[in-house]
Amino acid sequence: MKLSKKNYGVENCYLSNSCLKEWLPAIEANKIIYEVKKGEVIFQEGDLVEGMYFVYEGNIKVHKKWGDKELILRIASDGSVLGHRGLSTLNKNYPMSATALEDAVICYVTMDFFNSSLKVNPGFSYKLLMFFADELQESERKMRNIAHMSVKGRLSRSLLFFKDQFGVNEDGSLKIKLSKQDISSYIGATYETLFRIMNELIEDKAIDVSKRAIVILNSDKLLELSKKEE
């Protein structure tokens, strides 16, 4: 990762937006800003947890080894916290990896400063607690879907989520650019199965795909497919 020489504001900083104004000078003095290239690994599963990251700009995939495959647990975007799953009194190593899906800007603080921020800023602690609770529910829902929903249902739901979470371009394509391998890792399916299901959705005129650009043509159709096996 490359140290940034630019001066980024705090509009998209999860830490700065959650702490007391009196704590902002301390954040400025302790934060380190990195510019990350597409495909660059921020931390690797098994690495020692030495600090916390916050996403200023860009999309970062958080992924974990699942047997001989990869499972994308979540996609951290502007204003997100990153690396929090490494917080533990039992294990001091990251249980997952984080890789940039596109060029990104991230903020880093040491664990000592992060822990101090938690103790001094009750609002930040509460916000992080609620984030953990929401993410736990989302993780449980995702595991349930992998166990009980068809691949077509999981893909349909994920495409609608990408649309709601990341928005669309003027041509209607999803703003987030994901490879088919990333999508298959996100929904817990093989690449071959994903390729077949995407072709079926294209034939049904629910979506259109050009290279890595996905256009949702019929949201109602995707919503119907995503609810069939709930």
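Author: This is a predicted model, in which local features need pLDDT of at least 70, side-chain atom pairs count only at pLDDT 80 or more, and totals for chains, interfaces and linings use all residues. Residues are numbered from 1 along each chain as its sequence is written, and side-chain values use heavy atoms, with hydrogens and water left out.

Reader: What makes strand 2 and strand 9 a pair?

Author: Strands pair if DSSP finds at least two bridges between them, a strand being a DSSP run (E, at least two residues) numbered from the N terminus. Strand 2 (residues 32-36) and strand 9 (residues 104-110) have five bridges, in the antiparallel sense, and therefore pair. Tyrosine 34 stands opposite isoleucine 106 in strand 9.

Reader: How many bridges join strand 1 to strand 2?

Author: Two bridges join strand 1 (residues 2-3) to strand 2, and the strands run antiparallel. Lysine 2 has glutamate 35 of strand 2 as its bridge partner.

Reader: Why are helix 5 and helix 6 called roughly perpendicular?

Author: That term covers angles of 65 to 115 degrees; under 35 counts as roughly parallel, over 145 as roughly antiparallel, and the rest as oblique. Helix 5 (residues 180-187) and helix 6 (residues 191-203) pack at about 100 degrees, with axes 9 Å apart, so they are roughly perpendicular to each other.

Reader: Why does the term also apply to helix 4 and helix 6?

Author: The axes of helix 4 (residues 151-166) and helix 6 cross at roughly 70 degrees and come within 10 Å. These helices are therefore roughly perpendicular too.

Definitions and conventions:
Helix = DSSP H or I, 4+ residues; strand = E, 2+ residues; numbered from the N terminus. Axes fitted to C-alpha atoms, helices over the stretch in contact; angles between N-to-C directions.
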